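Here is a briefing on one protein model. Look over the sequence and the structure, then work through the points below.

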Amino acid sequence: MAPKAKDKPKAAPSPSQPPPSIEDLFTSLNKHIQRSEFTLAVKVANQVLSVEPRDEEAIRCKVVALMKDDKIEEALSAIQAAPKVSFDFSVYKVLYRLGKMDACVDIYRNLQRAKVDLSEINLVAGLVSAGRASEVQGTLDSLRVKATSSFELAYNVACSLIEGNKHKDAEQLLLAARRIGQETLTEENYADDDIEIELAPISVQLAYVQQLLGHSQEALGAYTDIVNRNLADELSLAVAVNNLIAVKGPKDISDSLRKLDRLKEKDSQKFQLEQSIDLKLSPKQKETIYATRAREIVAILPELFPDSVLPVLLQAAVLVRENKAGKAEELLGQFAEKFPEKSKVIFLARAQVAAAAGHHQIAAESLSKVPDIQHMPATVATLVALKERAGDINGAADVLDSAIKWWKTAMTEDDHLSVIMQEAASFKLRHGKEEEAAHLYEELVKSHGSIEALVGLITTVAHVNVDKAEAYEKQLKPLPGLKGVDVDGLEKTSGAKHIEGPPPDPERWLPKRERSSYRPKRKDKRAAQVRGSQGAVVREKSEASASATSSNTSNAKPNQATSSKNAEQSRPQSKSSRKKSRN
């Protein structure tokens, strides 16, 4: 076999060889931009700027290429580092992608005054993303622009309707946006697959509206089709995956986790969204997707560790986050019954969940099932407050009586008896149990010599026996330095005139609500009337809506930015920035 020929050494570049001309560099720059080779475009733009640092075209090409390559921070740095030239680079500031929506809206309004084409699309997107959806219709009226003038604008206006909970109207406008987009892109000779990709944001947002309207099967079918066919931009696909999992609920968790893993960074050992997706999502969208991932993992844990407390606590926490306190209470109750030896922390958690949700009776019931803390002052106070709010006055009184009985026989250095008896007496007096309250106060006076109890006793007995109250009053020690009070002298000093009339009310020194003549104000029964249809009840959020990427928010986006306010969608690109398919 003949020996392999040695490679000829490459000739070293001639030191006299001139560098590429500016014209050649711009030709190369244009080629890279046309091919969407943005990294190479930035490299060539830098070559131009090394020769002509103030070249406006090169700076603009670099900034746009960085934005297209999702290098937002670098694009902003390039704008800030640009020399002072005649061109206003504020149009390129990526405020939208940085989440500075109000500043973004101001720039779009200025562009509108300068009659920049298609700025109304971005203006509406900015308004929705800034939480100012209510201003959209007025803005369109002032501009004399119809929502259906383009499919991009129709999409963004539909997002504003979603923000205003006008879901039916949003559904109709999204259907119109899809029809207009189909016609427009067909006229521009887009291939069928490219049309589907361009209109994927509308399809995902339409499925989300169907989800909000309770049409779960239609939404499920739409999400499944988008995910399986994979004919969508990355952001729309991420939203479709997340919302598909939300609609499916706890069914086939392993499949849901596999679908979410399609969105993660390939080389990351932990769940980290792929950079191209992460850059396009708003903070709220990312929070929802990460929360969905956590929820799916938490849902598996009870199956893997059925007798462990931590998984059920995590699962209950997820349910509470989704405004499903009732389901969390039920889940915790079932575990406590199944594993009574581990029920203490479960009942405490259930009591906390129920109390926060306003389910006072369930909270009290849960707390009362932890026997070794029933006598503690904090527990007693909490139980009394819960039962009182639930309207169970007798039950609250029983809690106090049981605690008093326990502390009377307790062999412990801590003594909370006087505190609990004092609170019990006050509670019973407040609820019309004067004799029981008087008995407690009297016992406190005899056993502890409490001045506070003596005052309470006098106040309580005054309700039924003024003479007896006055007798107890004599046990009060006079204040030091106070020899007596000349009432007549005080009246003369104050200038008050003596007026003949009925004798003074013996209860005049008591608070109004403790006087025998006190009558509480009647409640307005109209305030308690049930609104809505007969028999209507308040229901918790459905699992699908609560777990969707962002309920009651839109995800409009301007034509050059790909982020959105909610993870439902990114807005389709405007006509001027769309690239036709090549055969």
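Start with Asn230, which is partly exposed, with a relative accessible area of 42%. (Buried means under 20% relative accessible area, exposed over 50%, and partly exposed in between, with a 1.4 Å probe and protein chains only.) This is a predicted model: local features need pLDDT of at least 70, side-chain atom pairs count only at pLDDT 80 or more, and totals for chains, interfaces and linings use all residues. Residues are numbered from 1 along each chain as its sequence is written, and side-chain values use heavy atoms, with hydrogens and water left out.

**Two loop residues**
- Asn230 is found in the loop between helix 11 and helix 12.
- Its phi is positive, about 55°, although Asn230 is not a glycine.
- Most residues other than glycine have a negative phi.
- Asn165 also has a positive phi, near 65°.
- Asn165 lies in the loop between helix 8 and helix 9, and is partly exposed, with a relative accessible area of 46%.

**The whole protein**
- The protein has 27 helices and 0 strands. (Both are DSSP runs numbered from the N terminus: helices are H or I with at least four residues, strands are E with at least two.)
- Of the 583 residues, 42% are buried.
- Take the contacts between residues at least 6 apart in sequence: 55% of them join residues at least 24 apart. (Contact means heavy atoms within 4.5 Å.)

**Nonpolar cores**
- A nonpolar core is a set of buried Ala, Val, Leu, Ile, Met, Phe, Trp, Tyr and Cys residues joined through side-chain atoms within 4.5 Å.
- The largest one has 56 residues, and Leu140, Val157, Tyr223 and Leu263 have the most contacts inside it.
- Helices that each supply at least two residues of this core include helix 6 (119-129), helix 7 (136-143) and helix 8 (151-163).
- Helix 10 gives the most to this core, with 10 residues.
- Another core, of 49 residues, lies apart from it; Ala316, Val399, Ile420 and Phe427 are among its members.
- Leaving aside neighbours within four places in sequence, Leu140 is in contact with Val124, Val145, Ala147, Leu153 and Val157.

**Helix 10 and its partners**
- The axes of helix 10 (residues 192-212) and helix 12 (residues 234-248) come within 10 Å and cross at roughly 20°. (Axes are lines fitted to C-alpha atoms, for helices over the stretch in contact, and angles run from 0 to 180 degrees between N-to-C directions.)
- The two helices, helix 10 and helix 12, are therefore roughly parallel. (Angles under 35 degrees count as roughly parallel, over 145 as roughly antiparallel, 65 to 115 as roughly perpendicular and the rest as oblique.)
- In helix 10, Ala200, Pro201, Val204, Tyr208 and Gln211 meet residues of helix 12, including Ser236, Val239 and Asn243.
- The axes of helix 9 and helix 10 also come within 10 Å, but cross at roughly 165°.
- That makes helix 9 roughly antiparallel to helix 10.

**Arg293**
- Arg293 is found in helix 15 (residues 283-304).
- Arg293 is buried, with a relative accessible area of 17%.
- Not counting residues up to four places away in sequence, Arg293 touches Leu257, Leu260, Asp261 and Phe271.
- Arg293 and Asp261 are 32 residues apart in sequence and 9.0 Å apart in space, C-alpha to C-alpha.
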